[in-house]
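Trainee: I would like to learn how to read strands and helix contacts in a model such as this one. Could we go through it feature by feature?

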Amino acid sequence: MAGYHQNLDQQQAPAFFARGPSPLARLAFFSALSLALMATDSRLQYLGSVREHLMVVLQPLQLIANAPSVLYDSTSEYFSTHHRLLNENQFLRKQALVQAISLQKMKALTLENTNLRELLAANQSLEEFSQLGEILHVGRDPFTKKIIVNRGSNQQVVDGAAVVDAKGVIGQVTRTYPASSEVTLITDKSLTIPIQIERNGLRAIAFGHGRDNTLDLPFLPANVDIKRGDKLITSGIDGVYPKGLAVATVTDIQTSADSPFARIVCIPTGGIENHKQVLIVSISQPDNPASTNAATQQPGNADIATKAAAPTKPDAAQSPASKVPENKTPAVPVPATENLNQHKKPANPTPAVVTEPSTTHKPHAQD
Amino acid sequence: MHKTKLQTIYFSLLVAFICVLLPWSGTALKLRPDFVLLVIIFWILRAPNKCNIGTAWFIGLWVDLATGGVFGQYALAYTVTTFVAVIYQRRLVLFSNTQQLVYVLLLLIISQLTLLTVKIFSGNDVLGWSYFLPSITGVILWQAAVALGLNTSRPSRSK
């Protein structure tokens, strides 16, 4: 009996219970691996290309996952009533008419503006390049405010491009994959956007609040001239967002005796949750081949662009429209409301304050 | 007792992963249960020698990729959770349905807490109690699966 016990103590666990390394060893190993990965990804930025390649693998799965909603959308569109379509058609026709008029004015103004600039020998304002993207899905991380759109680096979307919808700015491209890109919304905690009060031109920087869909205007003195209902527009001094796009509306101002700063809460004007289409606007840098794309859409504008660029940038002057790849998605004429009509409007003409596009985005605080 | 095929495990994980990839938004996103973790817990009960901490870590990486966060967050959360699941696996399969449900809830909360810790360390806000709703919906989903005839109480004696 004693021998039996001894035997039992010494013997290995039977095959039925054999499970390889102990759970604790596995836990230690894989936890260490995860922590190492986290450190590498967040601090050293080595994994950007790895992520891009893996996203390509993920693409077909994503297509499968999106299929039901795409199918639903297309069928519901198919069965939409005749009456509704007629109404919509009428509305759109009216809108197109209104916009055509303002667009014509725009052309004249742009021409005048460039001529004046030439006269002044001022620096040519940056040309903007925009394309229409469709929201694939909302970001899956509950901690961050992100959306994924269906345009990526294959379509010349670059990191730092501004993203707007029909009503205003909604965010900035923070990560590009080959066929999609990740847009951080302005309500995300890590995103800031330089703004201007439309009423008095006061400049400030708006910070995303993170938790609810609001923006904060911190570090403004308690006696600052901001009222409830004031509109915030982009100031354009960052070189990321085109100037004059609607950003948010001030909804609440609180001042307290114990703080020298006012607490200002704003609600974004862009319908982040409501729309399917967004416009990705990148202000092209001088060395960016995409710079001619917007100009190619309208021959008149192309002339302006090349002619006007001549005094300051001789190399840009010889960039012919044919440089643009033929299969590239064309810049889309602006949909809907009038503030988007400004997408071809010259951005801020003062290069002294133009900063790198990445400045409004803090990479270390992405997650 | 039938053997669990490795393909079955990977296929179910793939399906769960596609469920994560579905275009969730708004309230649905807040309520979205962690499909992948539920499937992993199920397989750890049923076939602990085929689906283990390593599997969970690996699929966690893919979830990280899908969420667009820093690599390793979900991987770590799944590793910790599956560790707790694995050390109690033999007791877990003998539990009654209700006990099992409580335990699954505990596991889901452990996973979320781990994730929360990592996120707070990297400078994120605390999201409030609604952050834990996916654990509740996860348990409901588990119960629904059991009610539909999924056998969670008997491990397959494979190998």
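Mentor: Bear in mind that this is a predicted model. Let us begin with strand 4 (residues 168-176) of chain A, which pairs with strand 5 of chain A in the antiparallel sense over five bridges. These two strands form a hairpin with four residues between them, and within the pairing Val173(A) stands opposite Val183(A).

Trainee: Which other strand is joined to strand 5 of chain A, and by how many bridges?

Mentor: Strand 2 (residues 146-149) of chain A runs antiparallel to strand 5 of chain A and is joined to it by four bridges, with Val149(A) placed opposite Ser181(A).

Trainee: How should I read the two faces of strand 5 of chain A, and are they covered or open?

Mentor: In a regular strand, side chains alternate between the two faces of the sheet. Here Ser181(A), Val183(A) and Leu185(A) lie on one side, Glu182(A) and Thr184(A) lie on the other, and all are buried, so that both faces are covered. Because five of the five residues of strand 5 (residues 181-185) of chain A are buried, the strand is largely enclosed by the rest of the structure.

Trainee: Turning to chain B, at what angle do the axes of helix 1 and helix 4 cross?

Mentor: Angles under 35 degrees count as roughly parallel. The axes of helix 1 (residues 6-21) and helix 4 (residues 53-67) of chain B cross at roughly 25 degrees and come within 11 Å, and the two helices are therefore roughly parallel to each other. Their crossing is right-handed.

Trainee: Which residues of helix 1 of chain B meet helix 4 of chain B?

Mentor: Tyr10(B), Leu13(B), Phe17(B) and Leu21(B) meet Thr55(B), Ile59(B), Trp62(B), Val63(B) and Ala66(B) of helix 4. By class, this contact has eight nonpolar residues, one polar residue and no charged residues.

How values were computed. Residues numbered from 1 in each chain as written. Chains lettered and ligands numbered in written order. Predicted model: local features only at pLDDT ≥ 70, side-chain atom pairs only at ≥ 80, totals over all residues. Heavy atoms only, no water. Axes fitted to C-alpha atoms, helices over the stretch in contact; angles between N-to-C directions. Parallel < 35°, antiparallel > 145°, perpendicular 65-115°, else oblique. Left-handed = near helix turned anticlockwise from the far one by under 90°. Contact = heavy atoms within 4.5 Å. Nonpolar A, V, L, I, M, F, W, Y, C, P; charged D, E, K, R; others polar. Buried < 20%, exposed > 50% of the residue type's maximum accessible area, 1.4 Å probe, protein only. Pairing = 2+ DSSP bridges.
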